[in-house]
Every structure is written in C-alpha cells, then in structure tokens.
Amino acid sequence: MARREVVTVIADYPLSPDYQVEEMVKTAAQAVRWTKENIAKYGGSPDQIFVSGHSAGAHLAAVLSTNNEYFEELGMDNPIRGGILIDPAGLDMHWFLSDYPSEGKKYIQTFTENPDVWKSYSPIYFLEGQKSLC
C-alpha cells in the first residue's frame, strides 16, 4: 500500500470469545472515527476512507459500511467511502445460524442465541436504500 502511496491504518478489535459482536463493531467504528479525525496529519484524506478486512474483519467492515447506526451513536455521519472485503464471513448470519445450527454453534458465543442480533449484524439486510458509491 505504501508503494502505491495509499495511507493505511491498521486497527485491531476485541476478539471472541471474550467479546460479543456488538463490542467488536463499536470498537471498529471508533477506529474509523479516529481515522476520519486524524488521517490528514498523516497525508491521507478524511473523505476517502475505505475499510477492509479478511474473514471476521471483512464482516466488521461490511457491517460498518452498510449500517450507519454505529456512527450515529458517535455523533457523526458514516465516513466510509467503500469496503474491500477479503473472504468475508457473516454477511448473513441470520440465514447461516437459522439454517445451519450445528455448524453455527461456534458462533453463538459471539452472536448470542438471539435471532434479532443475528439479523442486526448481517450486512445483507442493510443494503436496500444504500446509495451507490460506484
């Protein structure tokens, strides 16, 4: 990324099983807020924030890219311009945990046993009405 002159911020987030998905997403939103507020100091543009991740990290990037509520809780508009998802997991946790409960057992500690939580952290349910960034 540096060779392409892309200013990159690599943020961590709390992990399961010690934390549930809500805390993970809120922490990731705080990292994006920090980036928006500070990236200009490092030569980046606060209007060109893209989020990326692999697997669970891609899930968090997708949640933040599609659901504005986490930024509204922080008192700001969603600053994400786009997402680059690498092998994303959990785009529809509601479907997965509903239709494949035995395979999904390992995710229950993170996503709880509440189907409403599964749906609220499934980015696919937040795509309708989103503006196109292309």
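Helices here are DSSP runs of H or I with at least four residues, strands are runs of E with at least two, and both are numbered from the N terminus. With that rule, the protein has six helices and two strands. This is a predicted model, so local features need pLDDT of at least 70, side-chain atom pairs count only at pLDDT 80 or more, and totals for chains, interfaces and linings use all residues. Residues are numbered from 1 along each chain as its sequence is written, and side-chain values use heavy atoms, with hydrogens and water left out.

Let's start with the overall fold. Reading from the N terminus, the order of elements is α-β-α-α-β-α-α-α. The radius of gyration is 15 Å, close to the 14 Å that the globule rule gives for 134 residues, so the protein is as compact as a globular protein of that length. That radius is taken over C-alpha atoms, and the rule is 2.2 Å times the number of residues to the power 0.38. Along the principal axes, the C-alpha atoms fill a box of roughly 45 × 30 × 25 Å.

Next, contacts and surface. Contact means heavy atoms within 4.5 Å. Take the contacts between residues at least 6 apart in sequence: 65% of them join residues at least 24 apart.

How much of the protein is buried? Buried residues make up 32% of the 134. Buried means under 20% relative accessible area, exposed means over 50%, and partly exposed is in between.

Now charge. There are 11 positive and 18 negative side chains, and the centres of the two sets lie 8 Å apart. Lys and Arg count as positive, Asp and Glu as negative, while His and the chain ends are not counted. Each charge is placed at NZ of Lys, CZ of Arg, CG of Asp or CD of Glu.

On to helix H2, residues 56–66. Why call H2 largely enclosed by the rest of the structure? Because nine of its eleven residues are buried. Among them are Gly57, His59, Leu60, Val63 and Thr66. What covers the buried residues of H2? The cover includes helices H1 (21–38), H3 (69–73), H4 (93–99) and H5 (101–111). It also includes strands E1 (49–55) and E2 (80–88).

Look at H1 next. Thr35 is found in this helix. Thr35 is buried, at 10% relative accessible area. Leaving out residues up to four places away in sequence, Thr35 touches Val9 and Ile49. Lys36 is partly exposed, at 28%. Beyond neighbours within four places in sequence, Lys36 is in contact with Pro46, Asp47, Ile49, Met76 and Pro79. Lys36 and Trp118 are 82 residues apart in sequence, and their C-alpha atoms are 28 Å apart in space.

Now the aromatic rings. Rings of Phe, Tyr and Trp (its six-membered ring) pair if their centres lie within 6.5 Å; planes under 30 degrees apart count as stacked, over 60 as edge-to-face, and the rest as tilted. By this rule there are six aromatic pairs. The ring centres of Trp95 and Tyr100 lie 5.4 Å apart with planes at 75 degrees, so this pair is edge-to-face. Trp95 is partly exposed at 42%, and Tyr100 is partly exposed at 35%. Ring pairs link Trp95, Phe96, Tyr100 and Tyr107 into a cluster.

Ser98 sits in helix H4. Ser98 is partly exposed, at 35%. Not counting residues up to four places away in sequence, Ser98 touches Met93 and Trp118. Ser98 and His59 are 39 residues apart along the chain, with 18 Å between their C-alpha atoms.

Last, some backbone details. Which residues does the cis peptide bond join? Ser16 and Pro17, with omega about 10 degrees. Pro17 lies in the segment before H1. Glu5 is in the segment before H1 as well. Glu5 is not a glycine, yet its phi is positive, at about 60 degrees. Glu5 is exposed, at 73%. Thr112 is not a glycine either, and its phi is positive at about 65 degrees. Thr112 lies in the loop between H5 and helix H6 (115–120).

Conventions: Buried < 20%, exposed > 50% of the residue type's maximum accessible area, 1.4 Å probe, protein only.
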